[in-house]
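Subject: A structure for you to look at

Hi there,

Here is the structure I promised to pass on. Have a look around it, and then read on for what I found.

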Amino acid sequence: MSIEPPVESPDDTLAVPGPDPAARRRNRLVLLVVAVMTLIGCGAIVYNAYAPVTEEPLDSASTAAVQHGCRAAYDELRSFGPLAPTATPEDRAALTERENGVFTKMVDGFATLSPPNSSGRTALHDWIADWRALVVRRADYAHQLRNHAASPELVIPINAGAPITDRMNQYARTHDAVGCETHNLQAEIVDGVRDYPNDPTASS
């Protein structure tokens with residue numbers, strides 16, 4: 001005698017609970033965060049590949065031209081000799097203006113350079129602009145002397161809370177042109193003794 005197994009009614013079947021709505025929301029949130037982080041990572045890779053770096057490259061020919069221009073300026077500036085102890089304001093103004101002529105000639109030479117890298121060209125032109133701004137302030141100081149200002153002062157332009165000479169010198173050091181540092185060329189000195197270093201390629 002065989003016994004048939006009992007037939008389960010629909011009511012006897014155990015219901016399988018569906019996913020918790022809160023869990024689904026958490027899962028979607030996790031996936032969204034992963035997707036966003038992936039996009040950010042891809043964007044960073046693309047930016048780093050195409051954005052200019054802090055100190056843009058300068059080709060070897062332009063670097064050599066900059067080094068030569070600064071060395072020529074150094075030699076000419078040093079040949080002027082010191083001011084006499086009895087120098088008048090007019091004498092000091094004349095020396096400053098003479099030095100400005102050297103700086104202007106040097107920078108005009110740099111302006112003819114055209115590095116092949118576009119970011120390098122931009123950085124070089126910005127450095128040149130800083131040099132020109134410094135020469136303008138030196139010329140203003142000479143004008144103060146000639147007009148017998150009570151307290152003539154050389155005012156170095158400020159950018160981002162620091163004198164532009166800081167970034168000018170950083171550019172020179174980064175591009176192996178320490179002879180162009182304002183310290184070596186005494187570009188920030190307009191009164192008193194010019195103390196040119198014996199080695200114009202020594203970093204300050």
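A residue is called buried if its relative accessible area is under 20%, and exposed if that value is over 50%. By that rule Phe 103 and Trp 131 are both buried. Please keep in mind that this is a predicted model.

**How confident is the model?**

The mean pLDDT of the protein is 83, and 72% of the residues reach 70 or more. Helix α3 has the highest mean among the elements, 98, while helix α1 (residues 21-50) has the lowest, 55. Over residues 40-54 the pLDDT stays under 50, and for this stretch the model has one contact beyond four places in sequence.

**The nonpolar core**

Which residues touch the most other members of the largest nonpolar core? They are Val 66, Phe 103, Met 106, Leu 124, Trp 127 and Trp 131, out of 37 residues in that core. Two or more residues come from each of α2 (60-78), α3 (89-111), α4 (118-146) and α5 (164-174). The biggest share is that of α4, which gives ten residues. As a general background, nonpolar side chains tend to be buried together in soluble globular proteins.

Setting aside neighbours within four places in sequence, Val 66 is in contact with Leu 58, Phe 110, Leu 113, Leu 124, Trp 127, Ala 177 and Cys 180.

**Helix α2**

This helix has 19 residues, and from its first C-alpha to its last it reaches 27 Å, close to the 27 Å expected at 1.5 Å a residue. Its buried residues are Ser 62, Thr 63, Val 66, Gly 69, Cys 70, Ala 73, Tyr 74 and Leu 77. Seen down the axis of α2, these buried residues fall within an arc of 135°, so they line one face of the helix. The buried residues of α2 are covered by elements including α3, α4 and α6. On the face turned away from the buried side, you will find the exposed residues Ser 60, Ala 61 and His 68.

**Helix α3**

With 23 residues at 1.5 Å a residue, α3 should span 33 Å, and its end C-alpha atoms are 32 Å apart, which agrees. Buried residues in α3 include Arg 92, Thr 96, Glu 99, Asn 100, Phe 103, Met 106 and Phe 110. The buried residues of this helix pack against α2, α4 and α6 (182-185).

Not counting residues up to four places away in sequence, Glu 99 touches Leu 77, Phe 80, Arg 138, Ile 189, Arg 194 and Tyr 196.

**Aromatic rings**

How many aromatic pairs does a search of the whole structure find? It finds four. In one of them, the ring centres of Tyr 74 and Tyr 196 are 6.2 Å apart and the planes are at 85°, so this pair is edge-to-face. The two residues are 122 residues apart and link distant parts of the chain, with Tyr 74 in helix α2 and Tyr 196 in the segment after α6. Tyr 74 has a relative accessible area of 2% and is buried, and Tyr 196 also counts as buried, at 12%.

Phe 103 and Trp 131 have ring centres 5.4 Å apart and planes at 35°, so their pair is tilted. This pair, too, links distant parts of the chain: Phe 103 is in helix α3 and Trp 131 in helix α4, 28 residues apart. There is also one aromatic cluster, formed by Phe 110, Trp 127 and Tyr 171.

**Two loop residues to look up**

His 148 has a phi near 55°, a positive value in a residue other than glycine. This histidine lies in the loop between α4 and β1 (158-159), and at 57% relative accessibility His 148 counts as exposed. Ala 160 also has a positive phi of about 55°, although it is not a glycine. Ala 160 is in the loop between β1 and β2 (162-163), and its relative accessibility of 79% makes it exposed.

Notes. Residues are numbered from 1 along each chain as its sequence is written. This is a predicted model: local features need pLDDT of at least 70, side-chain atom pairs count only at pLDDT 80 or more; totals for chains, interfaces and linings use all residues. Side-chain values use heavy atoms; hydrogens and water are left out. A nonpolar core is a set of buried Ala, Val, Leu, Ile, Met, Phe, Trp, Tyr and Cys residues joined through side-chain atoms within 4.5 Å. Buried means under 20% relative accessible area, exposed over 50%, partly exposed in between (1.4 Å probe, protein chains only). Helices (H or I, at least four residues) and strands (E, at least two) are DSSP runs, numbered from the N terminus. Contact means heavy atoms within 4.5 Å. The expected span of a helix is 1.5 Å times one less than its number of residues. The arc is that of the directions from the helix axis to the C-beta atoms. pLDDT is the predictor's confidence in each residue, from 0 to 100. Rings of Phe, Tyr and Trp (its six-membered ring) pair if their centres lie within 6.5 Å; planes under 30 degrees apart count as stacked, over 60 as edge-to-face and the rest as tilted.
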